Amino acid sequence: MTLIRNARVFRSTATDVRWDDGNITECGTGLRPISGEDDIDARGGWLLPGLHDHHIHLRALAARARSIPVGPAETPDADAFADRLRTAARDLPPDGWLRGVGYHESVAGELDRWSLDRMLETPAVRVQHRSGALWTLNSRACRLLELDDCPLPGVERDHTGRAVGRLWRMDAWLGERLNAAKPDPAELSAWAAALGVTGFTDATPDLRQDEVDALAEDVAQGRILQRVHCMTPPGIVRPESPRFTLGPTKFLLDDPTLPTLPELTDRFRVVHEAGKPVAVHCVTRIQLIVTIAALQDAGIRDGDRIEHGAIIPSESLEWLRTQGITVVTQPHFPIERAEQYARAVPAEDHPDLWRLGSLLAAGVPVAAGTDAPFGDADPWRVVRASTERTLFGTQERISAHEAVTLFLGHPDRPAVPRPIAPGHAADLTLLRVPPQELPTASTSPDLIAATIIAGQPVHVPG
Ligand SMILES: [Zn+2]
């Protein structure tokens with residue numbers, strides 16, 4: 001048994017919280033420690049339901065630790081980009097593979113095999129676009145993968161039929177061909193625990209049973225300390241593992257390959273009939289409109305959600321509210337990507353871009369995810385970004401309290417904060433500061449006094 005005393009408890013008048021065997025058993029004021037019980041003095045710090053990152057890609061994030069960041073922040077122009085690749089190549093054997101991540105065409109334009117060859121002919125190079133949708137390979141990498149003979153539609157070709165080195169949405173195929181060693185998630189999990197994160201929703205689309213099993217095994221073996229709620233297609237069997245649950249089915253939409261309305265409606269129906277909600281990636285106006293239309297035709301299921309919601313026209317707000325569709329957004333993107341949005345987003349889209357305050361004001365259910373590795377994985381930076389955004393005006397800003405609440409929802413009901421009350425899981429994040437000091441509090445790791453997952457203290461700094 002463990003007792004936390006003298007806390008400011010989230011949405012409660014209690015100051016003391018006791019738990020046993022993974023569940024909260026008692027909340028009150030003036031609770032006395034029982035002999036043999038662990039006793040934590042919160043010193044007035046804010047006790048929150050543990051932070052849950054509602055949209056993340058765990059395996060890609062772990063793999064990223066071994067990648068070279070080549071986004072606009074790290075490599076502002078073509079020369080810096082080429083330099084970075086060449087420097088990294090010096091540490092690799094000639095038969096090695098260089099992996100760049102976070103690329104955006106503002107760095108050195110649209111890439112293909114020939115533009116990469118001009119920077120580096122060996123070793124094999126692959127560069128991932130920031131969107132996660134596209135890998136570009138140099139000619140050596142194309143040859144090693146026999147791309148010219150690969151019949152898959154994701155291989156982009158020139159008019160002669162030759163592969164240009166651009167692979168669209170072919171992560172699974174690439175992973176198999178490269179026999180990518182499985183990255184160890186332990187470091188990432190410990191890092192997140194130190195930030196107060198007690199759960200993740202993995203939003204990777206189309207996971208296979210063996211990939212789901214491997215993730216569950218990471219949780220069962222303690223390589224991942226947090227709870228993992230895993231988006232999966234229908235038909236995936238839940239592996240026996242504590243702290244591991246299956247979530248909605250992820251749909252990835254791309255404008256050039258957008259399904260027709262009847263096709264999408266059918267696909268939503270199949271998922272609903274299998275007893276699962278849908279989670280639909282919507283980053284453009286047309287993606288949101290077709291998704292809303294298909295949901296209307298297929299019928300809404302509890303737990304259906306929109307991922308990102310990068311563009312939400314004001315006409316859709318009322319519908320999202322009345323249907324109770326949660327928008328799982330990334331409030332930090334307008335800060336991390338401010339320069340590109342300022343340059344590339346047409347003026348008529350500005351009011352609808354990455355809504356936040358206006359979603360909450362309209363009564364739309366909202367939750368947050370970092371979308372790491374495509375965004376910063378630190379939820380406290382997301383909280384700060386929510387309070388600081390200035391892109392196209394400040395009207396979408398929200399308070400730090402509202403922002404942290406976006407991470408406190410249940411995995412299945414992301415916009416509804418989990419109560420700290422008897423009978424609920426003892427997933428808790430204790431801050432060093434009381435609620436009123438959060439907006440001005442220091443940097444992320446210093447903020448956390450303890451992280452508790454299923455009753456176990458996984459992070460208690462000295
Ligand atoms: Zn994502």
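Predicted model: local features only at pLDDT ≥ 70, side-chain atom pairs only at ≥ 80, totals over all residues.

Mentor: Strands pair when at least two bridges link them. Strand β8 (residues 68-69) and β9 run in the parallel sense, joined over 2 bridges. Within β9, Gly-100 is the bridge partner of Ile-68. From β8 the chain passes through helix α2 (residues 78-90) to reach β9, a β-α-β crossover that is right-handed.

Trainee: In what sense do β9 and strand β10 pair, and over how many bridges?

Mentor: That pairing is in the parallel sense, over 5 bridges, with β10 spanning residues 124-129. As an individual bridge, Arg-99 has Arg-126 of β10 as its partner.

Trainee: How many residues of strand β9 are buried?

Mentor: In a regular strand, side chains alternate between the two faces of the sheet. Strand β9 (residues 97-103) is mostly covered, with 6 of its 7 residues buried.

Trainee: Let us turn to the metal site. Which protein atoms are the donors of the zinc ion?

Mentor: A donor is identified by its distance to the metal, with a cut-off of 2.8 Å here. The protein donors are NE2 of His-55, NE2 of His-57 and OD of Asp-371, at 2.1 to 2.2 Å from the zinc ion. Along the chain, their spacing reads H-x1-H-x313-D. His-57 lies in the loop between β7 (51-56) and α1 (58-64), while Asp-371 lies in the loop between β21 (366-368) and α15 (379-388); this pair links distant parts of the chain, 314 residues apart.

Trainee: Are His-57 and Asp-371 buried or exposed?

Mentor: Both His-57 and Asp-371 are buried. Consider also Gln-330, in the loop between β20 (326-329) and α12 (333-336). Its contacts beyond four places in sequence include the donors His-55 and Asp-371, as well as His-308 and Trp-354.

Trainee: Why does Gln-330 count as buried?

Mentor: The criterion is a relative accessible area under 20%. Gln-330 counts as buried because its relative accessibility is 0%. Its side chain reaches the backbone oxygen of Gly-369 at 3.4 Å.

Trainee: Which backbone atoms lie by the side chain of Thr-429?

Mentor: Thr-429 is located in strand β22 (residues 428-431) and is buried, with a relative accessible area of 0%. Its side chain reaches the backbone oxygen of Gly-196 at 2.7 Å, and a polar atom of that side chain lies 3.4 Å from the backbone nitrogen of Leu-51. Leaving aside neighbours within four places in sequence, the residues in contact with Thr-429 include Trp-46, Pro-49, Thr-198 and Ile-448.

Key
Residues numbered from 1 in each chain as written. Heavy atoms only, no water. Donors = N, O, S within 2.8 Å, 3.2 Å for Na, K, Ca; no water. Helix = DSSP H or I, 4+ residues; strand = E, 2+ residues; numbered from the N terminus. Buried < 20%, exposed > 50% of the residue type's maximum accessible area, 1.4 Å probe, protein only. Right-handed = clockwise from strand over helix to strand, strands pointing away. Polar contact = N/O pair within 3.5 Å; in protein donor to acceptor, adjacent residues only side chain to side chain. Contact = heavy atoms within 4.5 Å.
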